[in-house]
Amino acid sequence: MLNTLKEIGYNDALGVLSELTRTFVPQSVVEDKEIFARAVDFRHENVLTEIRASLDLAPNDNSDEARDKIINFISDQISQIVLGGVDEKVVKTRLGNKGALRPDLYEIDYGPEFKNIQDRGIRREHVGQALNYPDDVEHVLPEQPFEKNGSYSLYVKHRIDPDPYKCFTLLVISSRNGYKQSVMDAMRIYPTDVDISSARNPLDLLRAFLGKYGQQITVGKQTSKFFFLAIIEKPVVIQEYELLHIAAFPEGHKGYGLMQFRDTGPTIEVAMAYATNDTIYRKDLKKHGVQVKL
Amino acid sequence: MPSTPPLFLYSTNVFMKFLIQERYQKGKHYVWCSEYFDPTKHGSYGGAYGIPASSSPAGLYLRYKQDRGDTHSYLINEQKAGIKKRAIDWFQEGQITQADLEDIIFMVDKNREDDWRPVIYVIHRGLVEPRLKQAPAKKSAGTGLEYIIEDLARHEFDMIEV
């Protein structure tokens, strides 16, 4: 940090740097509202003099190159003052919870259930690419009572091929906790198998996929192939399985899905619930040449 | 017969600025805008003439697009500095918290080149007419008419990329 900034307090240092930025950056880039105007005093001159000395710039060098160096220097000083001494993990946790963290800064946990996803012919590299460089992403920012267990992120990665039979979209569902993400599910969705023409976002894609491969689930008195951030009145329950019940799969068929729900007493809070007939789905994947485990 | 003002106004910004304003200013956007997206497509007569092509919405869009990925781009460096400056001002006015300030500075420093891509706001003039402020002539790039809208709401513009 510049010595001239160390001599003044945190707020004053930021104020000086803000004013100096206004001096060097075009009006159209900075807001010039009167409420933000500050008195320019000797401190600005002192700081600017030290900046020029640090950059080895002559006092009267107002070239574009000099201006660019000064702007970058001021920007760096702001970062040093604001973030110096701040634990980066704390910032990443906050941003991660908001779904605002740069995608590749999330730590990815593949977990033991990832084997089911691998049996669908989806590798870690595929999922990693989708999470780090998605074509689309939807970060669910749930409100109470789902704030703790409803922070899902849905990532989409398209694979385009001249052969329409080989085109698909990889949809990855993860659960966020700060800057950590746990991969919950991943599926390849082939538009030749699933009608995704009306899907406008990743959640729509998931609904379309479940429309084809999902099993009916009954929660309380409601039946659907997909429950999401739902609070359902609980009927008089005799057995616990009546809280959430999946329709029987055909004999020999296997299922895979997500079941995150909570019995609160009077209600059933369902963060997310669906069940895929994985046997039918994998058979369809095999038709597209995907190496699956049947 | 007086001419009818154009139905739309245009403003080129970087996507990061859009993100920050949406998240930390409750979706209110401070923008400079112009009646003419690309003044080179208009004749030598009228308001388009005074707007330099390089600082028109079209010109800026092309320059940002060319500079994407260039860590030495002075255009993008200006944007980064401008966002940081705004964050400081909001913090000192009590509009955001210390944590928000840290988050914004972190995002500006860490986010990827894709977040610095240019986007165009196509603004419905009828929705903003009473709030248009003429940009100060001495601070405009040319003599053509430019406007400032201090509190553009999300529903008042479409955002496009070409």
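Over all chains of this predicted model, the count of salt bridges comes to 31. One of them pairs B:Asp103 with A:Lys98, whose closest N and O atoms are 3.1 Å apart; because B:Asp103 belongs to helix α4 of chain B and A:Lys98 to helix α5 (residues 88-98) of chain A, this pair joins two chains.

**Salt bridges in detail**

A:Lys98 also meets B:Asp100 through a salt bridge between their side chains, at 3.9 Å from N to O. Both of these contacts of A:Lys98 sit within a network of salt bridges that links A:Arg94, A:Lys98, B:Asp100, B:Glu102 and B:Asp103.

In chain B, the side chains of B:Asp109 and B:Lys84 meet in a salt bridge at 2.8 Å, N to O. This pair links distant parts of the chain, with B:Asp109 in helix α4 and B:Lys84 in helix α3 of chain B, 25 residues apart. B:Asp109 has a relative accessible area of 36% and so is partly exposed, whereas B:Lys84, with a relative accessible area of 1%, is buried.

| Residue pair | N to O distance |
|---|---|
| B:Asp103 and A:Lys98 | 3.1 Å |
| A:Lys98 and B:Asp100 | 3.9 Å |
| B:Asp109 and B:Lys84 | 2.8 Å |

**The interface of chain B and chain A**

The size of an interface is often given as the accessible area lost when the parts come together. Between chain B and chain A the buried area is about 3700 Å², and carbon and sulfur atoms give 56% of that area. B:Lys85, B:Phe106 and B:Arg112 supply 19% of the area that chain B buries against chain A, which is more than any other three residues supply. In terms of contacts, the interface takes 44 residues from chain A and 37 residues from chain B.

Seven salt bridges are counted between chain B and chain A, and 16 residue pairs are found in polar contact across their interface, with both residues at pLDDT 80 or more. On the side of chain B that touches chain A, the elements giving two or more residues are α1 (15-24), β2 (28-34), α3 and α4 (98-110) of chain B. Of these, α3(B) gives the most, with 14 residues.

The same reasoning can be applied to helix α8 (residues 202-213) of chain A, whose 12 residues should span 16 Å at 1.5 Å a residue and whose end C-alpha atoms are 16 Å apart, in agreement. The buried residues of α8(A) are A:Pro202, A:Leu203, A:Leu205, A:Leu206, A:Ala208, A:Phe209, A:Leu210 and A:Tyr213.

**Strand β4 of chain A and its partners**

Strand β4 (residues 168-177) of chain A is mostly covered, eight of its 10 residues being buried. With strand β3 (residues 152-159) of chain A, β4(A) pairs in the antiparallel sense over eight bridges; A:Tyr152, for example, has A:Ser175 in β4(A) as its bridge partner. Strand β5 (residues 180-189) of chain A also runs antiparallel to β4(A), and nine bridges join the two, including the one in which A:Ser174 has A:Val183 in β5(A) as its partner. The hairpin of β4(A) and β5(A) has two residues between the strands, and in this hairpin A:Gly178 takes a positive phi near 65°.

Methods:
Residues are numbered from 1 along each chain as its sequence is written. Chains are lettered from A and ligands numbered from 1 in the order in which they are written. This is a predicted model: local features need pLDDT of at least 70, side-chain atom pairs count only at pLDDT 80 or more; totals for chains, interfaces and linings use all residues. Side-chain values use heavy atoms; hydrogens and water are left out. Buried means under 20% relative accessible area, exposed over 50%, partly exposed in between (1.4 Å probe, protein chains only). Helices (H or I, at least four residues) and strands (E, at least two) are DSSP runs, numbered from the N terminus. Two strands pair if DSSP finds at least two bridges between them. Contact means heavy atoms within 4.5 Å. Buried area is the accessible area (1.4 Å probe) that two parts lose on being put together, summed over both. A salt bridge is a side-chain nitrogen of Lys or Arg within 4 Å of a carboxyl oxygen of Asp or Glu. A polar contact is a pair of N or O atoms within 3.5 Å; within protein, one must be able to donate a hydrogen and the other to accept it, and residues adjacent in sequence count only if both atoms are side-chain atoms. The expected span of a helix is 1.5 Å times one less than its number of residues.
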